[in-house]
Amino acid sequence: MPKHRFLPSGPLKGHLRVPGDKSISHRSIMFGSLAVGRTRISGLLEGEDVLATAEAMRLLGAKIEKSKDEWLVEGVGVGSLLQPSAPLSMGNSGTSVRLLMGLIASHGITAKFQGDASLSKRPMGRVIEPLTQMGASFEETLRDNLPITINGADPAIPIQYRLPVASAQVKSAVLLAGLNTPGTTTVIEPVLTRDHSERMLRGFGAKIEIDQIGGERAIHIEGQTDLMPQEITVPGDPSSAAFFVVAGQIIEGSDFVIENVGLNPSRTGLFDTIREMGGYIKEIKKREVGGEPVADLHVRHSVLTGIDVDPAIVPSMIDEFPILFVAAAMAEGRTSTTGLSELRIKESDRLAAMAEGLRLAGVEIEERADGLIISGSGGALLSGNLKTHVKTHLDHRIAMSMAIAGLVSNKGIEIDDTAPISTSYPTFVESLNQLTGGNSE
């Protein structure tokens, strides 16, 4: 377990590119594997989660290799996934296992999913329920957790499924199952979630229509349509950019640009919230790449003010709340969050983990069942007793958030393990040192 101490920092300056968007990277590998022909992908996030997806798709029949600066995917075609010769090892990637369950659910094959200790604690029932309605079956008695063996249905049954909770992963799993299901499969979402699957599937040639049912967004996919190979440029991940956007707000004198950031409206809740708190984030060189809005972000130090975060914005920033809590810790006044019960079943209990870590850093926090209330320092450096290290609970976002907190502390913050960061941002420390000139040991 590599411990790491992140030290107080001077201003962040210069230019930075963050790794490719993880959600788009996962889907580009999966959809390329289902297309007939060769898909070329540049800017792919080469983190452990995405590489787990690539290895799983290889076991399901696709040919995937890296050639210089791009990845080449030779697809097998919808309906032609092969029986895997070994269990599908998902590491820490909830996205991989849930979306791949959807893919396999409408193919007549059997696959066993397994993951690391953290992923094996995460609930899978919300995906199992609709896939069972479509005809798939699941063998293990502990049906809600990995390891799980899925028996795909051939043919699967088209369904109309209303999401009981806002979840892009569940929505995507049902849509992917619908790819090889005769007829039309429909997902109804009461609350808009990230829509990368709909955008990319349409780009690959899937027949998707979006309308309203009962005033709620409905996505319809017509099954058994061939997908066409694509050339994909993956934009920078807004969830990865979020750590540096917040660091730029709370470190005095900071002024820098993050290049090539994906700004899908279903992913920009953190940026909107920071602006509401008084933060400076300016979009420059706006453009569209592969159906996704992209821009460079000019970030400057700002005086932040605490707010009551609207729970309606939660789905568009569910992964960014740990770093928002760090921003709140440095703001003037109180920041209140609610509607975050989903954070208790992520890679860790992110509410409890961030409350624990920030309290160690001297932050006054009230923890509630579905959110945190944080009293900010008004810009004063965090000054807790940090003779002990912060526990990251094998969660990459806790590790990176507390690393940023270390930059605005009196004596630095030591986290217990940097290894989980590799799941989404393998070069995080290098990026940090690039903007700060080196502030860790």
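Q: Which residues do ring pairs link into a cluster?
A: Rings of Phe, Tyr and Trp (its six-membered ring) pair if their centres lie within 6.5 Å; planes under 30 degrees apart are stacked, over 60 edge-to-face, and the rest tilted. Here the cluster consists of Phe 243, Phe 244, Tyr 425 and Phe 428. The model is predicted: local features need pLDDT of at least 70, side-chain atom pairs 80 or more, while totals for chains, interfaces and linings use all residues. Numbering runs from 1 along each chain as its sequence is written, and side-chain values use heavy atoms, without hydrogens and water.

Q: How many aromatic pairs are there by this rule?
A: The count is six. In one of them, Phe 243 and Phe 428 have ring centres 6.2 Å apart and planes at 75°, so this pair is edge-to-face. Phe 243 belongs to helix α7 and Phe 428 to helix α12, so the pair ties together parts 185 residues apart in sequence. Helices (H or I, at least four residues) and strands (E, at least two) are DSSP runs, numbered from the N terminus.

Q: Which residues of α12 are buried?
A: Buried means under 20% relative accessible area, exposed over 50%, partly exposed in between (1.4 Å probe, protein chains only). In α12 (residues 428–436) the buried residues are Phe 428, Val 429, Ser 431, Leu 432, Leu 435 and Thr 436. They fall within an arc of 160° seen down the axis, so they line one face of the helix; the arc is taken from the directions from the helix axis to the C-beta atoms.
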